[in-house]
Amino acid sequence: MATPDDTAANDPAPDLYATLRTAIREEDPVALATVIGGSGLGEEGVEAGNKLLVRPDGTCLGGLGNDDLDRVVIRDSIGELRAGTTGVRHYGPRGQARQDELDNFIESFARPPQMLIFGAVDFTAALCRVAKVLGYRVTVCDARPVFATKQRFPYADDVVVDWPNRLLDRVGPDLGVRDAICVLTHDPKFDVPAVLSAVQTDAGYIGAMGSRRTTEDRNRRLLDEGVDPDDLRRVMAPIGLDIGGRTPEETAISVCAEIIALHSGRVAPSLRDVEGDIHRVTD
C-alpha cells in the first residue's frame, strides 16, 4: 500500500482490484473511490474511472488525478468507512469543498458491525441469535469459564473468558457508531467496570440490563467512579424498548429494536425514558 501522498501511477488497476478482492475476502475494511462524472473531467489530471482504494489508516492505492483531490477523498472515504455508508461526493478538480465539478462514488466495504455482550446469562443466548439475524459479529464475554463456553452460545462468533474492562481495553479503540455493547450481568463487580470502559469507546449503542433499582444503584456507583453525567446518558438502562418483553427472546427483540431506532433517529419508547415497572402488563 502506498502512502496518502503517493498516488502512483502506471496502471494501478490490476493491483488495486487484487487488493480489494483480498480485503473483502478477509473482512478488512476498505473503501473504493471512483470518479464517475462531472463538468471538471479532464482538468488537473482527473478522468472518469480513476480509482483510489483507501484503508482506515489512510494508506491508499491508485489515484484520482492529483494529490489535493486524493487527500480530500481519503479523508471522506475514512469517514464513510467508519459509518459503514456508501454514497456520491462532489468536489472541485483539486478537491475543493462546496464545488460540484466532479462526482466521486465512494463505496464502503466495512466489517460487519460488532456486538459485544457481557454476561453469560440466559438472555445472552437469545440476543446472540437475534443479533446474528441482523448481521452483527457477536462476541460474548464473561470472566467465569464454567459459563462462558461455545456450547452455551453456539451463535456467538467468539466467546471470551475475561473481565469486560480488559476486553474493552483491547478492542474498544476499534469500535464505532455501527457497533453495540450490551451489559447483561446484573452484578456490580462485572457491569460497573464494563460500563466504565464502554463509555470511553465510540460505540454507537451502549445498553445495560437491570431493574430500575439496579440501574439507580449502578448509576450511583458509576458517578462515584467519576463517570461524566453526559457519558452516563449514553447508556440505555434499563436496556431495550418498552414493548412488554418478558422472555429472553422478547427481550432480545426489544434490545435490537432499540438499537435500530437509535441508528435510524426514530423516536421509540425506551425503558430508560419511561416510568414504572419494566414488566408491567396493561389491560
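Modeller: Start with contact, which means heavy atoms within 4.5 Å. Helices (H or I, at least four residues) and strands (E, at least two) are DSSP runs, numbered from the N terminus. This is a predicted model, in which local features need pLDDT of at least 70 and side-chain atom pairs count only at pLDDT 80 or more, while totals for chains, interfaces and linings use all residues. Residues are numbered from 1 along each chain as its sequence is written, and side-chain values use heavy atoms, with hydrogens and water left out.

Biologist: How many helices and strands does the chain have?

Modeller: The chain has eight helices and eleven strands. Its C-alpha atoms fill a box of roughly 65 × 40 × 35 Å along the principal axes. Among contacts between residues at least 6 apart in sequence, 60% join residues at least 24 apart.

Biologist: How do I read a pair of packed helices?

Modeller: Two packed helices are described by the angle between their axes and the distance between the axes. Axes are lines fitted to C-alpha atoms, for helices over the stretch in contact, and angles run from 0 to 180 degrees between N-to-C directions. Helix 4 (residues 164–171) and helix 5 (residues 188–198) have axes 8 Å apart and an angle of about 20°. Helix 4 is therefore roughly parallel to helix 5; the cut-offs are under 35 degrees for roughly parallel, over 145 for roughly antiparallel, 65 to 115 for roughly perpendicular, and oblique for the rest.

Biologist: Which residues of helix 4 and helix 5 meet?

Modeller: Pro164, Asn165 and Leu168 of helix 4 meet Phe190, Pro193, Ala194, Ser197 and Ala198 of helix 5. Six of the contact residues are nonpolar, two are polar and none is charged. Here Ala, Val, Leu, Ile, Met, Phe, Trp, Tyr, Cys and Pro count as nonpolar, Asp, Glu, Lys and Arg as charged, and the others, Gly among them, as polar.

Biologist: At what angle do the axes of helix 3 and helix 8 cross?

Modeller: They cross at roughly 50° and come within 8 Å, so helix 3 and helix 8 are oblique to each other. On the helix 3 side the contact includes Phe123, Leu127 and Val130, and on the helix 8 side it includes Pro248, Ala252 and Cys256. The residues of this contact divide into ten nonpolar, one polar and three charged.

Biologist: What should I know about burial?

Modeller: Buried means under 20% relative accessible area, exposed over 50%, and partly exposed in between (1.4 Å probe, protein chains only). Of the 283 residues of the chain, 44% count as buried. In helix 3 the buried residues are Thr124, Ala126, Leu127, Cys128 and Ala131. Their cover includes strand 6, strand 7, strand 9 and helix 8. Glu80, in helix 2, counts as buried because its relative accessibility is 8%. Beyond its neighbours within four places in sequence, Glu80 contacts Thr85, Thr86, Gly87, Arg89, Ile106 and Ser108.

Biologist: How do buried residues form a core?

Modeller: In soluble globular proteins, nonpolar side chains tend to be buried together. A nonpolar core is a set of buried Ala, Val, Leu, Ile, Met, Phe, Trp, Tyr and Cys residues joined through side-chain atoms within 4.5 Å. The largest one here has 23 residues, of which Met115, Leu127, Cys182 and Tyr205 touch the most other members. Strand 6 (114–118), helix 3 (122–133), strand 7 (137–142), strand 9 (180–183) and helix 8 (248–264) each supply at least two residues of this core. Another core lies apart from it, with 22 residues, including Phe118, Cys141, Val195 and Ala203.

Biologist: What should I check in the backbone?

Modeller: Most residues other than glycine have a negative phi, and most peptide bonds are trans. Glu27, in the loop between helix 1 (13–25) and strand 1 (30–37), has a positive phi near 60°. Arg98 also has a positive phi near 60°, and lies in the loop between strand 4 (87–91) and strand 5 (102–109). Arg98 counts as exposed because its relative accessible area is 83%.

Biologist: Which peptide bond is cis?

Modeller: The bond from Ala237 to Pro238 is cis, with omega near -5°. Pro238 is in the loop between strand 11 and helix 8.
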